[in-house]
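Please read it alongside the sequence and the coordinates.

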Amino acid sequence: MSKPKEIKTNAMRILESMKIPYTQYTYDCDEFIDALQIADQLSLPYEKVYKTLVTKGARDYFVFVIPIAKELDLKAAARSVGEKSVEMLHVKEINAVTGYIRGGCTAIGMKKQYVTRVDASAQSQAAIIVSGGRIGSQIELAPDDLLCAARAEYADIVRHE
C-alpha cells in the first residue's frame, strides 16, 4: 500500500515558491462546515484561526482575513480599502471571482490579485491558521508571511462589542 499523495493547492505551491514555511492540517469533510467547527475538529484555539471573506465594492472585489469568532465591520473594512461601502460577495459568486470554493477560500493565489486586509489582531500571534485553498485543508504560517504571500496589509476591520 502506498500512502495517499499529498494534494498541494495553488496556495501551497505559491508559499513553497516564495520559500515561506507553513504547516498543513487536514480534516475529513465532504461539504462546507464553518470555521468554528473546523477549529473544534482540529483542536485549534479560535484566536489563532482566521477566515477569508470576499466582498464587493463600487470598483472591485476586496478580501478580508479575520478571526473566526469575529464579525467583519463592513464600514471599517470599506474605509481600509478606500471605498464608501463594501458588501459580502454572494456564495454563488465565490468560485467565479476567486477560483476557490466556499469553505476552501484563501487569500493566497486567487484568480486575480485583489486588495487584501488582514485583521490587525493577527500581529499579536506568532502564527495563524487559514484555509489551505480547498475544503479539508488548513495551513499555519506567520502572519507577516501571509501578508507577503497575499500582498496584504494589516487593518482594524472586525466589529468590536
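Does Y114 count as buried or exposed? At 6% relative accessibility, Y114 counts as buried, where buried means under 20% relative accessible area, exposed over 50% and partly exposed in between, with a 1.4 Å probe and protein chains only. The model is predicted, with local features requiring pLDDT of at least 70 and side-chain atom pairs pLDDT 80 or more, while totals for chains, interfaces and linings use all residues. Residues are numbered from 1 along each chain as its sequence is written, and side-chain values use heavy atoms, without hydrogens and water.

**Aromatic pair**

Rings of Phe, Tyr and Trp (its six-membered ring) pair if their centres lie within 6.5 Å; planes under 30 degrees apart are stacked, over 60 edge-to-face, the rest tilted. The count by this rule is 1 aromatic pair. Y61 and Y114 form it edge-to-face, with 5.8 Å between centres and 80 degrees between planes. Y61 belongs to strand β3 (residues 61-67) and Y114 to the loop between α4 (94-98) and β5 (115-119), so the contact ties together parts 53 residues apart in sequence. Helices (H or I, at least four residues) and strands (E, at least two) are DSSP runs, numbered from the N terminus.

| Residue | Relative accessibility | Class |
|---|---|---|
| Y61 | 17% | buried |
| Y114 | 6% | buried |

**Sheet**

An open sheet of 3 strands has the order β1-β7-β6 and antiparallel pairing; strands pair if DSSP finds at least two bridges between them. β1 (23-26) and β6 (128-131) are the edges, each with a single partner strand, so one side of each has no neighbour in the sheet. Antiparallel β1 and β7 (residues 137-141) are joined by 4 bridges; T26 has S137 of β7 as its bridge partner.
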